[in-house]
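Subject: Structure handover

Hello,

Here is the structure I promised to pass on. Please open it and keep it beside you while you read.

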Amino acid sequence: MDSIKYLDPTTQFVLFSIVKILIAFVVVMTFVAYAVLVERKVSAWIQDRVGPNRATPFFAQYLPFIGPALVRLGIFQPMADGLKFLLKEDFTPAYVRKVYFWLAPAITVIPALMTIAVIPFGSTLGNPANPMVIADLNVGILYTFGIVSLGVYGIVLAGYASNSKYPFLGGIRSTAQMISYEIAMGMSVVAVFMVVGDLNLGQVVAYQQANVFHWMVFKQPLAFVIFLVAAFAETNRLPFDLPESESELVGGYHTEYSSMKFALFFLGEYAAMIAASAMMVTLFFGGWAYPWGGGEATGLLNGIGHILCFILKMGVLLVVFIWVRWMLPRFRYDQLMALGWSRFIPLALANILITAIWLACISR
Amino acid sequence: MTKVVERKPLSALERTYLPTLASGLKVTWKHFKKTVFEGKPATMEYPEERWVVPEGYRGAPYLVKDQEGHTKCVSCQLCEFVCPPKAIKITPPGPEGQVADRTNAEKMPQEFEINMLRCIFCGFCQEVCPEEAIFLQRDYSLTGESREEMIYNKEKLLKLGGVHGGIQKWKHKLEEAKEQEEFPVAKI
């Protein structure tokens, strides 16, 4: 480890960045796999079922007691699912627009993964010069919004490229959904940044880290509600899963997709969910900070503690995402747009105004 | 005739969707609690747990033995004839073949096969059997790894069918015959 110190700062930075990217990528992918499992399990429990409990790899029988317990919880199911997706036939229908058909899944996944780059998932691992964020951008949130809205193009493109009616309808709905919610979402965070006074996500966390009462969710509850609802719409989750809506559009935008290309859409959806949860944790729940405060980590142990704290908060939000799926029926097309345009945008604007007045009064 | 469903406009509270959210939370939590904490899912873990079907359930047809453990089937081939999907195939013993291993019968089948993949569990074989040798029993899930495995032979059918103690045709016939003899005297 000492030899790292003799490298020049740029090389060090590149080296650390690559390591962080790799680790973040692997962790996010694992999270995606297990988010799917949690989704299946929680859904099953809510529907009075048991959920996946059969996948048994050969080594499970050598683990006494814990092996069967893991099998019951379906811990090995994601591996089986992943393998299945790899081995399935990749079928491209003859009538699709080939280039876009191949491009669409990639365009859905990449933005979802790129969002993770600006999220501070931990303080430091002892060295203050090396914060636990892949790209410490000064305009972190602008970058996020720019990238996230690209994700919709993947869906729209999939709808167009499939050259068949259900995916097309799904694509259209996705467009409508995006323009209705992106604005409200953007406006809801404006209030947060007005309070913090910085667009850097690291600074947002720093502002909230004192203790639980400094969390933005208590200072800007309305902004949080708007952001939460918009995040559901952004990630195409129920009650706003109009582009997919399997009960009316078969599978929506991914009806014509199979095998790994379908898996990429699936992955994109869950990666977007994880990114949205991470974003909400950063903006509203104090990021990596413990609820009782305590500033940046000075040691390795505390640094890992911060990362785990972040992951825990994210997990809770993911469960909320999954739970809400079974709470509310799907919104109608027009209801969705009415909610976006005529409720949330005025509300977000009012929130900005109130926050501005409040801040002005305080600074006097 | 059209029925007009009255759609009341939502109240201001309802338009916030909060009451819906609350009731949704209540319902989902109730079911979650029931499955996870009380361990009472509505489903059954199939191959290990199975439904116990009631007596008289019409499942797979099996051959039965009489109370002395003898083959009841006399190879009359009525079931083979009546079987709608032609699932039953009987090989009779022929003139020089095996004789029945019980009294009151001349012969028994050399081979008796039921293709369980063809069988539709209609119960005609049970209905038509003059010897009460075949019964639809309570097995409802038959599985195998090949088509050949799903053709059940005589040995397997007799083993699965077991002894049908309740219905003993020849014993009852004997009693009936005895009753016939003393009929006018005994009844009065």
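First, a caution. This is a predicted model. Keep that in mind throughout.

**Chain A as a whole**

Chain A is built from helices. There are 13 of them, and the strand count is 0. Read along the sequence, the pattern is α-α-α-α-α-α-α-α-α-α-α-α-α.

Next, look at burial. Of the 364 residues in chain A, 51% are buried. Then look at who touches whom. Take the contacts in chain A with a separation of 6 or more. Residues 24 or more positions apart account for 76% of these.

You will find A:Met194 in helix 6 of chain A, which covers residues 165-196. Is A:Met194 buried, partly exposed or exposed? Its relative accessibility is 27%, so A:Met194 counts as partly exposed. The cut-offs behind that label are under 20% for buried and over 50% for exposed.

Which residues does A:Met194 touch, leaving out those up to four places away in sequence? The answer is A:Ile352, A:Thr355, A:Ala356 and A:Leu359. Now pick A:Ile352 from that list. A:Met194 and A:Ile352 are 158 residues apart along the chain, and their C-alpha atoms are separated by 8.3 Å. This pair is a handy example of a contact between residues 24 or more positions apart.

**Where chain B meets chain A**

Now turn to the two chains together. How many residues does each chain bring to the contact? Chain B gives 19 residues and chain A gives 16 residues.

The size of an interface is often given as the accessible area lost when the parts come together. Here, chain B and chain A bury about 1600 Å² between them. Carbon and sulfur atoms hold 63% of that area.

There are polar links too. Between chain B and chain A, 8 residue pairs are in polar contact, with both residues at pLDDT 80 or more. On the side of chain B that touches chain A, 9 residues are nonpolar, 6 are polar and 4 are charged.

The count of salt bridges between the two chains is 3. One to look up joins the side chains of B:Lys34 and A:Asp48, at 3.3 Å from N to O.

Best wishes

Key: Residues are numbered from 1 along each chain as its sequence is written. Chains are lettered from A and ligands numbered from 1 in the order in which they are written. This is a predicted model: local features need pLDDT of at least 70, side-chain atom pairs count only at pLDDT 80 or more; totals for chains, interfaces and linings use all residues. Side-chain values use heavy atoms; hydrogens and water are left out. Contact means heavy atoms within 4.5 Å. Buried area is the accessible area (1.4 Å probe) that two parts lose on being put together, summed over both. A salt bridge is a side-chain nitrogen of Lys or Arg within 4 Å of a carboxyl oxygen of Asp or Glu. A polar contact is a pair of N or O atoms within 3.5 Å; within protein, one must be able to donate a hydrogen and the other to accept it, and residues adjacent in sequence count only if both atoms are side-chain atoms. Ala, Val, Leu, Ile, Met, Phe, Trp, Tyr, Cys and Pro count as nonpolar, Asp, Glu, Lys and Arg as charged, and the others, Gly among them, as polar. Helices (H or I, at least four residues) and strands (E, at least two) are DSSP runs, numbered from the N terminus. Buried means under 20% relative accessible area, exposed over 50%, partly exposed in between (1.4 Å probe, protein chains only).
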